[in-house]
Amino acid sequence: MKKYEIVITKNSFYFSNNEFEENYEANTINLLKTLLLHLQNEVKNKGCIESVFVEFLQNNEFGLESLLVLNGIANENLKRIITIARIVNDKDLSTLLYLHEWNDTNNNNDVKEWGDKKIKTLIRKNESFAKGLINLFFKGSSNPFLAKTLPLFELQKLNFLKINFEPIAMLDTLVRYRQKGSYSGAMQNNRESSIKGILNELNMPFENGDLPLLSKNENLNKRTMDFIIPNKQNPKIIIESSFLSTTSSGQGDKAKTEIIVGKLIKQYYPQAIFVGFVDGIGWYVRKQDLQRMVEAYDEVFTFRNDELERFKIFLQKRLAQ
């Protein structure tokens, strides 16, 4: 049998380890359902009060996971919010989270993201931290800083109605779980659409794809460029965009790649400016990689509104030269 035919005719379609599947059903899925039913009964018997949720969170090993299910919040997203809170030190948000009682010794400029173990230890040992998380889960949507920082899709998960197991709130969680993929993949929600919108607003022609001289001479090192202004044959401004809401070990490699591309652009297109849009909490907390990344570019912007305005002015001045 040919190798191609082996993969086609012997394809398992889905890999499944029965022992793992049964353990996961019993020790994760059913456990979380049992914990949430227990919490629902506690709320019915003792009332919808803060102490019920704090006790639940502190006394159950999977209490945090259960509350994340209730709100439909990804664990990674919770860690991002905690990190941002420690960085910005916003007065209202700090009060909501009891931030000043977390005993966080990190300097704001040197904040490193806490892992699952650290967060669970704080929940168990620091009641103020546990209270802060309960406030975040159920009152976060009314916090002014979170309202202007989080996308509405994520902000609405931090809803008071979910604390009381309201059916409409549970439906909201299910809908957001179901739609998360299509929401994230929607073109209108792509960060690059902001750049494209500005270029269209200024009637600036652009293309994307490979630069011809790099394709011809540096095929292994070339990159597909996000925006080439005005065109590939005579580029004046070349733009690359990187928005990261999570961290990964690949960020260092990405920075090295961008440095190589930046040098090639200077070699083959010395009249062109290489611009980077670099943004997101993922880059903020990986400062060494960020420092290397921005070295690749002649100019750097973020996607904040004031930065997008600065980008407009930059484009107009640059192309008027």
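A: A residue counts as buried when its relative accessible area is under 20%. The model shown above is predicted.

Q: What percentage of the residues in the chain is buried?
A: Of the 321 residues in the chain, 39% are buried.

Q: Which secondary structure elements does the chain contain?
A: The chain has 17 helices and five strands. Its C-alpha trace spans about 70 × 65 × 35 Å along the principal axes.

Q: How many salt bridges does the structure hold?
A: A salt bridge requires a side-chain nitrogen of Lys or Arg within 4 Å of a carboxyl oxygen of Asp or Glu. The structure holds 19 of them. In one of these, Glu 76 meets Lys 79 at 3.2 Å, N to O. Both residues belong to helix 5 (residues 75–88), where they are three residues apart, about one turn of the helix.

Q: Is Lys 79 buried or exposed?
A: Lys 79 counts as buried, because its relative accessibility is 10%. Glu 76, at 37%, is partly exposed.

Q: Which residue forms a salt bridge with Lys 79 at 3.3 Å?
A: That residue is Asp 116, the distance being between the closest N and O atoms. Asp 116 lies in helix 7 (residues 116–125) and Lys 79 in helix 5, so this pair ties together parts that are 37 residues apart in sequence.

Q: Where do Asp 298 and Lys 266 lie?
A: The side chains of Asp 298 and Lys 266 form a salt bridge of 2.8 Å, N to O. Asp 298 is in the loop between helix 16 and strand 5, whereas Lys 266 is in helix 14, so the pair ties together parts 32 residues apart in sequence.

Q: Which residues do salt bridges that share partners join into one network?
A: The network comprises Glu 76, Lys 79, Arg 80, Glu 113 and Asp 116.

How values were computed. Residues are numbered from 1 along each chain as its sequence is written. This is a predicted model: local features need pLDDT of at least 70, side-chain atom pairs count only at pLDDT 80 or more; totals for chains, interfaces and linings use all residues. Side-chain values use heavy atoms; hydrogens and water are left out. Helices (H or I, at least four residues) and strands (E, at least two) are DSSP runs, numbered from the N terminus. Buried means under 20% relative accessible area, exposed over 50%, partly exposed in between (1.4 Å probe, protein chains only).
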